[in-house]
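Thanks for making the time this morning.

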Amino acid sequence: MASLRLAISALVVQVAFSLALAQDAGGLVSELVLGNVKVVIKSMDGSAITTLTAAYPKPVLANPEMPAGASLDVTISITKGGEVFKPQQVMLMLKSKSLGLAGYAVGKFKSGSYALSITAAALEKQIGKLPGEYEVTLLIGDPSANGVAYVLGTVELRISAASTALEPTAVVRTAFFQPVNNLKPEIQHVFRAPEKRPPVVVSYIFAGLAFVPLVAVLLYVPTIAGVNFKGWTAAPLYSLLFHGGLGSMLLLYVVFFLRLNLAQTLPLAGIWGLFVAGSGYLLLSSLSKQRLKKDQ
Amino acid sequence: MVLSAIIGAFSDEYKKSPVRVKVLDAFLIYAVATAGLQFAYMILVGTFPFNAFLAGFLSCVGFFALTVCLRMQVDPANKDFAGISPERAFADYCLANLVLHLVVWNYMG
């Protein structure tokens with residue numbers, strides 16, 4: 001009984017959820033309607049030089065000249081679903097036709113419509129001194145509606161002689177236009193020069209010389225008066241085991257140098273070292289016992 | 001004149017030292033000679049590769065130090081080490097040498 005109630009309530013919740021989604025989905029992505037598009041080029045004192053009205057999506061500007069100090073004003077009303085709508089982004093983009101650099105102006109909402117205005121000075125602050133032809137685009141964006149990029153046309157921008165702005169630097173230039181004389185030099189990677197090594201002959205000579213003291217010792221030691229191998233006869237088995245063990249330990253070191261790594265060698269050395277230690281202990285204790293017996 | 005007298009007296013006294021000590025002295029000179037050779041080579045051609053130079057040089061120096069210790073402990077004239085039997089000293093010497101040479105061969109690369 002309880003499980004049935006649970007199932008029914010889950011179903012009800014699901015239906016309500018999907019209904020709500022469907023309602024929202026109905027208005028998830030819709031079209032914006034642009035109306036009352038008016039473009040005015042105002043001179044420095046505020047009087048209108050050119051006034052044009054447009055209907056979206058037809059362009060309206062046919063490259064009129066913007067004298068120095070003039071401003072380009074655009075007013076537009078935006079509606080969605082019949083109601084006045086305030087999108088998140090309303091911008092005017094002026095993109096230079098020669099270099100592809102763009103400056104932007106943000107729209108202000110006033111009494112039901114957006115007003116956007118841009119002057120040469122404002123553009124200079126963004127991209128630097130760059131007179132010439134500019135493509136004017138109205139950008140409107142909002143997550144709940146399809147975005148709009150309304151190309152209004154082109155204007156010819158004149159910069160005033162008194163402007164102190166710098167021309168756009170190489171850093172500012174976009175990848176869209178890349179004049180050839182602007183490319184940075186290609187980096188040639190220089191690998192680290194190998195260390196200076198001596199000629200091979202010198203190394204071999206010194207390697208040979210390094211064996212000379214060893215040979216000298218091996219030749220000299222038997223000539224010392226009193227040198228003998230009596231210790232071997234005193235405890236022959238242990239002597240053999242111990243010296244054999246030591247020799248194989250050194251052989252293990254050679255193999256380690258040639259082939260193995262330390263992680264492989266240490267356990268082997270440890271185990272074999274125990275054997276060498278044991279046989280050495282037996283040998284040395286028997287030798288010391290004999291010595292003590294002799295001393296007594 | 002005086003120098004030859006000194007050298008003569010030294011060699012006479014030295015002949016009286018036990019055989020073990022003389023053998024160890026020979027090995028000491030061998031270690032010093034090899035170390036000196038490696039040092040001369042390094043001076044001549046530079047320190048690259050430094051780890052190889054250090055491994056070789058310090059193996060000679062370490063061997064020298066261990067042999068000096070053994071000589072001190074084995075020499076009957078040295079009363080400081082009367083408590084340590086020569087066999088025990090030799091066992092320590094063997095162990096220390098094995099460890100030294102393992103480290104040296106590992107460092108040589």
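To begin with a single side chain: is Cys60(B) buried or exposed? Cys60(B) is buried, with a relative accessible area of 8%, where buried means under 20%, exposed over 50% and partly exposed in between, using a 1.4 Å probe and protein chains only. Cys69(B), by contrast, counts as partly exposed at 34% relative accessibility. Over all chains the count of disulfides, pairs of cysteine sulfur atoms within 2.5 Å, comes to zero.

Before going on, please keep in mind that this is a predicted model, in which local features need pLDDT of at least 70 and side-chain atom pairs count only at pLDDT 80 or more, while totals for chains, interfaces and linings use all residues. Residues are numbered from 1 along each chain as its sequence is written, chains are lettered from A and ligands numbered from 1 in the order in which they are written, and side-chain values use heavy atoms, with hydrogens and water left out.

Turning to the interface, the contact (heavy atoms within 4.5 Å) takes 32 residues from chain A and 29 residues from chain B. In chain A, Phe206(A), Tyr253(A) and Phe257(A) lose the most area to chain B, together 22% of what that side buries, buried area being the accessible area, with a 1.4 Å probe, that two parts lose on being put together, summed over both.

Finally, there is one salt bridge between the chains (a side-chain nitrogen of Lys or Arg within 4 Å of a carboxyl oxygen of Asp or Glu), and Arg291(A) forms it with Glu87(B), the closest N and O atoms being 3.1 Å apart.
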